[in-house]
Amino acid sequence: MDNAILIIAHAPLASALRACVLHVFPDAASFVAVLDVQPNTPTEETLSAARISLDLFGNTPALVLTDMFGATPCNVAQKLVDGVHSRLIAGVNLPMLLRALTYRDKGMDTLLTRAIGGGRDGVFHMQDH
């Protein structure tokens with residue numbers, strides 16, 4: 001079964017990541033949702049918006065990606081995911097997201113492993129020559 005992806009991040013990062021991903025995978029619009037967390041928005045309001053975003057996928061399993069562990073988007077996502085039907089990764093970057101889209105038709109465990117690997121492997125120290 002294909003998995004959906006929900007990105008919850010500080011505004012405007014979630015929308016920017018989705019725009020980048022749709023540049024590479026233009027047909028991904030229906031299974032990649034975003035929630036840009038605005039400054040000074042109450043946590044409960046953000047959680048309510050996140051639940052609505054996740055509910056748009058119906059019974060489709062969802063991988064939730066957040067920008068930074070310990071920040072509001074991640075704290076909201078931790079209250080949102082159930083660890084079975086939805087799973088959470090903090091530290092989203094574009095390589096992680098592209099890898100997640102590439103493997104979204106695999107099982108959730110494979111998707112998690114590949115997404116984390118893509119995020120980690122997409123970071124390089126570029127030395128001067």
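Threonine 60 is partly exposed, at 27% relative accessibility (buried means under 20% relative accessible area, exposed over 50%, and partly exposed in between, with a 1.4 Å probe and protein chains only). This is a predicted model, in which local features need pLDDT of at least 70, side-chain atom pairs count only at pLDDT 80 or more, and totals for chains, interfaces and linings use all residues. Residues are numbered from 1 along each chain as its sequence is written, and side-chain values use heavy atoms, with hydrogens and water left out. Here is a short tour, starting with that threonine.

**Around threonine 60**

- Threonine 60 sits in the loop between α2 (43-55) and β3; helices (H or I, at least four residues) and strands (E, at least two) are DSSP runs, numbered from the N terminus.
- Its side chain comes to 3.1 Å from the backbone oxygen of phenylalanine 57.
- Beyond its neighbours within four places in sequence, threonine 60 is in contact with Asp2, Asn3, Ala4 and His85, where contact means heavy atoms within 4.5 Å.
- Threonine 60 and phenylalanine 31 are 29 residues apart in sequence, and their C-alpha atoms lie 9.3 Å apart in space.

- Aspartate 67 is found in the loop between β3 (62-66) and α3 (72-80).
- Although buried, aspartate 67 has no salt bridge, and the nearest side chain of opposite charge, lysine 79, is 15 Å away. Charges are assigned with Lys and Arg as positive and Asp and Glu as negative, while His and the chain ends are not counted.
- The side chain of aspartate 67 does make a polar contact with the side chain of histidine 10, at 2.6 Å. A polar contact is a pair of N or O atoms within 3.5 Å; within protein, one must be able to donate a hydrogen and the other to accept it, and residues adjacent in sequence count only if both atoms are side-chain atoms.
- Not counting residues up to four places away in sequence, aspartate 67 touches Ile8, Ala9, His10, Leu13, Pro73, Gly91 and Val92.

- The buried residues in α3 are Pro73, Cys74, Val76, Ala77 and Leu80. Viewed down the axis of α3, they fall within an arc of 160 degrees, so they line one face of the helix; the arc is that of the directions from the helix axis to the C-beta atoms.
- These buried residues of α3 pack against β1 (4-10), β2 (32-37), α2, β3 and β4 (86-90).
- Helix α4 (residues 94-102) has Met96, Leu97, Ala100 and Leu101 as its buried residues. Down the axis of α4, these span an arc within 135 degrees, so they too line one face of the helix.
- The partners of the buried α4 residues are β1, α1 (13-24), β2, β3, β4 and α5 (108-121).
- At the start of α4, a side-chain oxygen of asparagine 93 comes within 2.8 Å of the backbone nitrogen of methionine 96.

**Salt bridges**

- The structure holds three salt bridges, each defined as a side-chain nitrogen of Lys or Arg within 4 Å of a carboxyl oxygen of Asp or Glu.
- Arginine 104 pairs with aspartate 2, with the closest N and O atoms 3.3 Å apart.
- Arginine 104 is buried at 12% relative accessibility, whereas aspartate 2 is partly exposed at 36%.
- Arginine 87 and aspartate 109 meet in a salt bridge at 3.4 Å, N to O. Here arginine 87 belongs to strand β4 and aspartate 109 to helix α5, 22 residues apart.
- Arginine 87 is partly exposed at 25%, and aspartate 109 is exposed at 51%.
- Aspartate 121 and arginine 120 form a salt bridge at 3.3 Å, N to O; aspartate 121 is partly exposed at 41%, and arginine 120 is exposed at 56%.

**Cysteines**

- There are zero disulfides in the structure, a disulfide being a pair of cysteine sulfur atoms within 2.5 Å.
- Cysteine 20 is partly exposed, with a relative accessible area of 37%, while cysteine 74 is buried at 2%.

**Backbone points to look at**

- Most residues other than glycine have a negative phi, and most peptide bonds are trans.
- The peptide bond from alanine 11 to proline 12 is cis, with omega near 5 degrees, and proline 12 lies in the loop between β1 and α1.
- Asparagine 40 is not a glycine, yet has a positive phi of about 65 degrees. Asparagine 40 lies in the loop between β2 and α2 and is exposed, at 81% relative accessibility.
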